[in-house]
Amino acid sequence: MAITTVDLKQMQRDIAQLKKQVARLERRGNGKQRAAARTQETTMLRVRHGEMSERERALAILRRAGVTREMTPEEERIAARWDALPDKEKRKVEDALRRVRLDPPLSQLIHEMRR
């Protein structure tokens, strides 16, 4: 299915409208969204003034796109436990994960989920 210019423009209008709705809903939120918005604004100011490393800029872009986010406290605890493991244990886990064979393969599962 080809996307026409008209379709693309309509999608852009829809996205702009959705962004406005999200911003409006966030302003009504309990303050967490506002704090996140302030953090994002601060990040953008740092980007504009060249105060961020290339890595920080890349992470800021990914966060704005919704591709990545800050870790939850639970995820922080899990990561700390992993970091505390000896390298030998980490290699054992990584080797075991490499040997896992999914049937159907993960790529096929992802493809089917996107339909």
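Student: Which element gives the largest share of the nonpolar patch?
Tutor: In this predicted model, local features need pLDDT of at least 70, side-chain atom pairs count only at pLDDT 80 or more, and totals for chains, interfaces and linings use all residues. Residues are numbered from 1 along each chain as its sequence is written, and side-chain values use heavy atoms, without hydrogens or water. A patch takes residues with over 30% relative accessible area and no salt bridge, joining nonpolar side chains (Val, Leu, Ile, Met, Phe, Trp, Tyr) within 5 Å and like charges within 9 Å. A salt bridge is a side-chain nitrogen of Lys or Arg within 4 Å of a carboxyl oxygen of Asp or Glu. Here α6 gives the largest share, 3 residues.

Student: Which residues form the nonpolar patch?
Tutor: Trp82, Leu85, Val93, Leu97, Val100, Leu102, Leu106, Leu109 and Ile110, with about 730 Å² of accessible area together (Shrake-Rupley method, 1.4 Å probe; for residues, only the protein chains shown count as cover). Two or more residues come from each of α5 (87-99) and α6 (106-113).

Student: Is leucine 106 buried, partly exposed or exposed?
Tutor: Buried means under 20% relative accessible area, exposed over 50%, and partly exposed in between (1.4 Å probe, protein chains only). Leucine 106, in helix α6, is partly exposed because its relative accessible area is 49%.

Student: Which residues gather in the patch of positive charge?
Tutor: Lys and Arg count as positive, Asp and Glu as negative; His and the chain ends are not counted. Each charge is placed at NZ of Lys, CZ of Arg, CG of Asp or CD of Glu. The patch holds Lys20, Arg24, Arg27 and Arg28. Arginine 27 lies in helix α1 (residues 5-28) and counts as exposed, at 52% relative accessibility.

Technical notes. Helices (H or I, at least four residues) and strands (E, at least two) are DSSP runs, numbered from the N terminus.
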